[in-house]
Each structure stands twice: as C-alpha cells, then as structure tokens.
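Hello,

Here is the structure I promised to hand over.

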Amino acid sequence: MHYDFRKIEKDWQDFWAKNETFKAENNSDKPKYYVLDMFPYPSGAGLHVGHPLGYIASDIYARYKRHKGFNVLHPQGYDSFGLPAEQYAIQTGQHPAITTEANIKTYRRQLDQLGFSFDWSREVRTSDPQYYKWTQWIFIQLFNSWYNKTSDKAEAIDSLVAIFEAEGNVNVQAVCDEDIAQFSAADWKAFSAKEKQEILLKYRLTYLAESEVNWCPALGTVLANDEIVNGVSERGGHPVVRKKMTQWSMRITAYAQRLLDGLNTVDWPQPLKDSQTNWIGRSEGAEVEFALKGSEHKIAVFTTRPDTIFGVSFMTLAPEHELVTKITTPEQKAEVEAYIEATAKRSERERMADVKTISGVFTGAYAEHPFTKEPIPVWIGDYVLAGYGTGAVMSVPCGDQRDYDFAKHFNIPIPNIFEGVDISEEAFADKATTVIANSDFLNGLGYKEATSKAIAELEKLGVGTGKVNYRLRDAVFSRQRYWGEPFPVYYVDGMPQMIAAEYLPIKLPEVDKYLPTETGEPPLGNAAVWAWDTEKNEVVANDKIDNKTVFPLELNTMPGWAGSSQYFNRYMDPHNENEIFSKEAIDYWQDVDLYIGGSEHATGHLLYSRFWQKFMFDLGLVPKDEFAKKLINQGMITGTSAFVYKVAYEVSTIVDGGYDEKEISDFQSKVISDNPVFVSKNVRDKIVSCDKAEFKNLTESVKQVTNRIGEKLTEKFPKTQVEIRLWTGRSFDMPLHADVSFVNASDELDVEAFKNWREEYKNAQFITEEDGTFKVSREVEKMSKSKYNVVNPDAICEEYGADSLRLYEMFLGPLEQSKPWNTAGITGVHSFLKKLWRLYHSGPEGAFEVSEAEPSKDSYKTLHKTIKKVEEDIENFSFNTSVSTFMIAVNELSSQKCNSRAVLEPMAILVSPYAPHIAEELWSKLGHEGSIATVAFPKFEEKYLVESSKEYPVSFNGKMRFKLELPLDLSKDEIEAAVMAHEKTQQQLQGRTPKKVIVVPGKIVNIVG
RNA sequence: GCUCGAGUGGUGGAAUUGGUAGACACGUUGGACUUAAAAUCCAAUGGACAUUAGUCCGUACGGGUUCAAGUCCCGUCUCGAGUACCA
C-alpha cells in the first residue's frame, strides 16, 4: 500500500465538507477559542506559496486547540471590495462583481485543496449587501455619536443636544472641530434647523467637512495617509497633491490616547506596537499664545520645549496658515504672496525630496514675547506644516536644529539660553543635560523643572497651557470610487441625512461607466437610479428628484478599510439579519484569541479596527475594547529567482557593400536577438574573474553561432563582410530571469524547456559546465510575476500533496521571519511523510499492520519526548522545530522497528494539526470511526523520560575533550573523582594539577588548569 | 536622520535560565539495489593541518565579564522593515 496522497487528501477534504467537521457552535460547554486570519483580497492572480503561510500556522493552532478540548471558531472570508476589480472594470466594462466572484471561486478552490479547517458556513464578503448593510449601520451609529471627554467615551448625539438646550456649548468637554463659536442655550434654541445640523456636524464622530486631502489625479480619488508611499500612491505610484474637498471624516483623534493606552493590554509584536505608537505620535508640551504688536490677532503655537521660551528669536507660520494674509504688512505683501504661490505649486513629493533647501519670507509683523515683551519677527516657512499642531512654531534656534538652520540662513539672532553649551556650530537639543540660563525665572533649572515652571507662569498670565498633541489626523472616509460601500446618506438642502437602519442595505447602483463623470463627480454620478424617496423609503430614479420628498444620494463610497474594521465580530453571528451580531454570540466568543496576518496592516486596518472596536465598546455592543488578544505577523516568503547570463556580442560591418545602412543594421540586430548565447554560471564566474583561458574557450564556443550569423548575412547581403566581437569587461553579459520551474534542485536549467519558453530563445546556444549541465545563478527577491519566481501551490499539491506543502512551509523557518522559498527542499518533508506512512504499513508488501504488543522502553521515550516538544513548540508558535521533532521521532521509531498501536495512535494525533489528511487516513485505518479532529491530545508522562545516567561532556579550560557516561545520582564529589580517575583526564593534564574542577551535576564537567 | 529587527556551514535553519555549536532537512560526494531511470536504503560532509592518534581555527568585526559566551556588557560594520521637516 503506497502513500497515495492525492486520493487521501481528496477523500478527507470531501469528508470534512460533507460532515461540516469544523463547524463551530455558538454555545458549548467547552471553553471557546477564536483563531482568525486576516481575510484576503481575492486578486485575479490567485494564491502563490507565500500567501498561505499564515493560514497554515493558524490552522495548526486551531486544530491543536480542538485536540485540547476547545470549541474553536476559525472562519474565513473575503475583503472583496477593492481597486483591482474596479480598474479591470474600467478597462473592460466587466462588472467588478463578476470578476470578484470568479476570483473568489479560484481562491476557494486553492484554500480547500490545502486542507484548512475553516468553518465555511460563516464566510463573509465585504462586497455582499447582506454584509455591508452592517458596515453602513456602523457608519450611522458613528454619525449619531459624539465624544464626551468628561466620561471619556462616545455617547449618543441626543445627549449633546440635551446639553445644548440646557446650557449651550460653553461647558461641554467634547472632541470636536476647532472653529466652533460659543453659544448659549438661548442661542441654540434660536438657531435654524440647518444651523443646528451644521453645528452638530462639528461634533459627530463621522462628519462632513472641507478638509485638505491627498488627491491622486491619476486614480481620480482621495487616498489615506497609509495609502501613500514616498509621496506617491501605493498602488500605481501616481503623484499625489494636496487639495481641499468636502469629505466624510472619522474622528479617530478622539481615541488617540485610548488607542495608545490599549497597546499595553494586548500581546502584539513590539514592532507593530511601535509603529502604531509613532503613527499616533503623542507629544507633551504647551500651547502658547503670542500677541501681535499692533493687531488684535494672536498666534497660537504648540511647543514641546516651553522651557526654552526665552530663547525665542522669531516665529514661523506655515505658508497656509490663515493669519498670514491678515498680518502681512503692505511692504512685505508681494514677497509673501509670491512665496505662498510657489509653495502651493510644489507637490508634496517635491517638498519631501527637497528637505535641505531652506526657504521662507518675513511677514513684516512682530509678535510680543509673553514675558520679556520684546518684539519677535514673524516669518513664514514651508518647514512648518499646516496640519500639525497649530501650524505655527515659536522658533528657538539654539535648541532646535531646523530653527537654527533657518536663523543662520536669514541672519536672525541666535540667543543662547543654555548653561555652558557652545552653540556656534549647531543647536543643542539634549534634554537630559539641559541647564537653562539667561531666562529670568528659569535660570539654573533642568529641562523638567523648567518646563513645568514655564507652563505654570504662562497659565498665570493666561497665555498658555500644558497640552498633549497628537500627530494622528482624523481619517478621511470618502473615496471617489465605484467598487466600495455606498453611504446610507442623502442630502436635504446640502445637509447630510441618514437613512433609517430598517431600510438598509443601500445597494450599489448600476452604472454604465466606472469612471468619474464628465463634470468630475465620482462614478456613482453615472447612476440613473440613485435618489432617495423619503416617502417610499427606497432608491428611485434621479429624474424624480424634487428636493421635497426625493433627494440626491451621496456619490462617494467608503474606503477599503471600512469593510475590514468589524468583520471579526460579524463572523460570530454572520447570518443575523436583525442585528450586527446577537448578544449571546458576542458574549460567548468575546474577542479574537489569536490573529495572524501581515505587518503591512500595522497603521491601516489594525488601527482603524481598534478604533471601531472601542467605539462599539462605548456603545455597549461588545464586551472588550481590544478585539484581538494576541497577534502574530507572519514573515514574507520571498522567491529564489534564477538568472541565466546572456552573452553580449556585437556585429560590425567591415565592408558594407553599398546596401541601405538601416536595412543591414535592422537585420543584424534581428539576427543577434534570434541567436542568443547563454553561458553557465561557473563558466561565467571564471570569465568575470578575468580567467583568460575561459574567455578564450568562450570565444571558441561562440564561433559556431557567429559563423551562422555571418552566413545569414552573406546570404542576404552577399557583398557584405562582418566581424563579430564579444564584449569584454563588466558588460560582457546580461543577467536575465529564467522561470524557476525550469530549474532543478542542483540549479541546473532544463535547456529544452527554456528554449520553448519564448520564441526568441528557440535558437539559443548554451555554453555549459564541463559536465555538460547548464547552471543558473540564484538570488532572493520578492516573489513576483515579473521576476518569474512565483511558485503556485496548485502544482506543489499535485506533485507532493497538501500535507507536504503544509509541513514544508512550516519547516522553512520561524513564522515571523521572512525567508526564501526553494521548492527543491520539499522532498525532505515529503519523504518524511512516506516514512511515517511506512511505520503503519509494516505488513507484507506494505500492507497496513500495527501490533497490540507493549512498545519498547525506547519507543515510549521517543513518543513522550515528542509529545513534550511538540506541545511546547505549538504553544510558542515555533512550528519549524516541531517538524524537525517529527522527523527525529519517525527516524527513531523506524530504526526501533516500532509498530505498536500504543505508540502509533498518539503519533497520528500529534501529526494531525500539521498534516491532517494523512493523520485522518491513518486514524481510520487504526479502526476509528469519524474524524481525528477532536480526539484528545496525547498526554505527556515524565516517567518515560527519566534517565539513570548521563553522558557528561568533560571540558578542559572550556573545550570539550571527551564524554563520560556516569550515573545521575552521583554527588558532585563522586563525579569529580570519577572524572579525575579517568585515563583521558590524566592524558589531557599531562601531569599538571588542575587549579579548579567545576561540576554541574546533570550538565557538564570543566577542568581548569 | 530616527525607531525596531537581524547577522551561525554551499543552502534553509537548530541550540531552555550562559554549559557538548551546526539538531533536522536540502545540496554535494561515494556506495547498495536496477539493463537503465525514478524511488528507496547506507556512509561521509564547518575550515585548515595530520597516515592514524589528534591538533588548531571557527556563530559579522573589535574589546570585556566568566571556570565556561552564538547567548550577557561596551563599541564598530552590514543587511532588512517602519517612519520622515511632528515644533
């Protein structure tokens, strides 16, 4: 009976599907365990071997937890809204839903073939109206909420209205827009309905506001900060410019502190926490108001160094700062305006690429120092960002390098306010050693004391206050896209109105074009049926819009992260039509116990999800304010590209025979490209290292090719004479990617396959190694189509099986680390599975046979040390080492010729999380009914590992020289005596007397001297 | 620039609290079986020297602590990831 993995794997996958083996129940006596993968975007390319790495790890953990008696929730779904399907739709007119559906089919087939224990009955798709109904619902909840700083949580907007009615907004501690005028209860009552709505918008957790956004003209949409990399769009690399637009925003800044604090309560990777911490960017300092000379305007600045306030020698405003036009003096007006215009023209990208250039303009205005009353010139400069803090800084050149550079450049004085520090070359920014001088009441103080003293004095004067500032901005939530969630929003008199939850979902309308409209409106502007009838409560044709009962609907759609920000909770009760999830479901499952996914989501998905979770927590909808207890970032699997070296040679015409020059040169280049010459790696290396002999050989080898080219040319242009030369030096060859599927484990190229790969390689010549093989050189790169190093799991499953693939992906190395893929190594784990199979098939002609006999002591020992190690490894997510452990166990059991049921049954269970198909097959052959999935994990028993003796390594001066087997119950002195009496010890010492003998019982003996 | 992570054979990688460096596998070499190939099995495999016994050197580099360092401390270099005028 050979190991027929194709049949076994198919059979068990069918069995699991038919019996719904992995279906999780929402109530159970068992303890719950929730294992979640970041759900995939179903791209057209399907999966490559890098994608399932995390899924395999989480599947092993989920299966292990089932063996350990847990009720495991292990769902999977699709993040199926997204740009690629829409881009494809724009190009082909194909509806994104159709492409998406087809891609999902491929994904599902590929996932199924890997034997994952997903509960597919709970599948969600973000683009399914029954799913995005609840995304729209959460949006409405956010709209109907405000953030009360006093209770430090989100509350219903009604409670804010009640406060306004009772006392206006004077005492409300809310997270809101900055530009809100104060009003009394009477004022509030006197406001029109529209005015009230406008004011409330400034408080809502999702709000419509004119905000500066990252506009990408090429994509025709707004991008979030984390969708921009180095000033260009992450997808496509298009330029991004700043632009003011009316957009939905999420008031995530309300949660900045809680998002920071929450990081201390979760077991997430430190780098991920660090990157969220940096993204939120908390800084403590003070906000200080500077009065302007001869003006009622005041400039507010944020500073982290209020202790250096006496070092201020100028102020700098962002060019976009609203005060700039108001305070600029007539003499400076022209220069300031020119500067503002020049800055606006420079794209964000240019500004970033060019951080060294110092530029700025004096406004002519002077502020007044709050303590000294000295005049301070006010400048504008583009090194100050409008979006951070107040968009203005008090410049302290002696304490900040950028201020220092600016001051030097414009010859502004640099007063020194530090005790014993030389600032003639650069600014001094070391807080730890700061001693303040020349600063009135701050003299002699260190950073900390001076800071609190300065804040206290500013507060006394009523011109400053201690403040915490965050880098985190509110998140823009509108996209000018088709393939995303529509907003449940219509507009009355320009004010947004929410559609009542009972009429959700508001489904995406049909459009004939997926591009923006000719008037520049988002793609939904193309929809003919996209208006809201407030009487019928349904979406109706646009021509019915009368702005009395039928109103226009929102044309933007939600961003990519909307659908993924609560999906983990929806899995708990995915088919609930009345609620986002039932109370029973959320109370039972609580939160995700283990979340596995890529680190690229650190500041996107993982921050927004935490925000929504905290919001849902405030509303009392979820019991935990962090949704995932533990998170692991799986490392990337990189590709091992194969390179062949193409020899560069040149044909030059010696006698041209009077033909048309272009005709000849065109023909020559065609001949050259049709007759490529490739050189094997080692030969190439010799040539590059200037091996003259090899270079000569190479020339010889190329000769036959060149002769043929010569013939061809003479055939066509009889009067021509050509010379063929090889290039020399560094550029003598050109590395080209070869498809990795043509290369075997020894880096040898399948020359025939390569020739058939492309038309232009048909006549390729190969200069081989001495043994006649052609070798490629290899390099680790990102796995990508364009590098021809993508390995498809389908092919691996076909040749070696899913169990082999699962084991091999784990065997490659630690889960979190990035590591290169090399298909060659899979034979190791594959033959391990065959050896495992053989353990259970020791009968004649490989028939299944296990004995009921008591296993040997050694076999018991092998089994129990394996149980111990595998259990530890899984708990530590060290899956690579447990694969090694299995190999050792099978090697040992094979040499022990062990075929006892008492050992082989537990072995099957141990292997089952890693290689579930073979485990199921062996389990059923062992005579069990049903799946192995929930059989109890074997229990480790120490007694089988108890040893009576130890092979001590005996070291001399720390170097191990020989080993000595001694009973474990010897005392230190007895061990020392035994070692000293040994002949090899005397041989090593050569008559010397050891200075010292270190004996660590059970470990080591070290003799010094 | 700043923050974080990592440097171990030809390759992927092992190595509890400091205690036998290189487990396990790939590759390579030799052998068995076979007409042959595949598959399978056996042996060797960090480097240098040595007939053997064995000796020396080895965990990026330079120091240090220790009976003992891949592991701890100080400094340097290289690579990778994130971030970038954040006041």
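Let me start with a cysteine: Cys 398 has 0% relative accessibility, so this residue counts as buried (buried means under 20% relative accessible area, exposed over 50% and partly exposed in between, with a 1.4 Å probe and protein chains only). Cys 898 is buried too, at a relative accessible area of 5%. The structure holds zero disulfides, a disulfide being a pair of cysteine sulfur atoms within 2.5 Å.

Before you read on, please note that this is a predicted model, where local features need pLDDT of at least 70 and side-chain atom pairs count only at pLDDT 80 or more, while totals for chains, interfaces and linings use all residues. Residues are numbered from 1 along each chain as its sequence is written, chains are lettered from A and ligands numbered from 1 in the order in which they are written, and side-chain values use heavy atoms, leaving out hydrogens and water.

Now the overall picture. Of the 1009 residues in chain A, 51% are buried. The C-alpha trace spans about 100 × 95 × 85 Å along its principal axes. Chain A has 31 helices and 37 strands (DSSP runs numbered from the N terminus: H or I of at least four residues for helices, E of at least two for strands).

Two helix pairs are worth a look. The axes of H26 (residues 857-875) and H27 (residues 879-895) come within 9 Å and cross at roughly 170°; axes are lines fitted to C-alpha atoms, for helices over the stretch in contact, and angles run from 0 to 180 degrees between N-to-C directions. H26 and H27 are therefore roughly antiparallel (angles over 145 degrees; under 35 is roughly parallel, 65 to 115 roughly perpendicular and the rest oblique). Their contact (heavy atoms within 4.5 Å) includes Val 870 of H26 and Phe 886 of H27.

The other pair is H10 (residues 270-280) and H18 (residues 605-618), whose axes come within 11 Å and cross at roughly 75°. That makes H10 and H18 roughly perpendicular. Leu 272, Gln 276, Trp 279 and Ile 280 in H10 meet Leu 606, Leu 607 and Arg 610 in H18.

Enjoy exploring!
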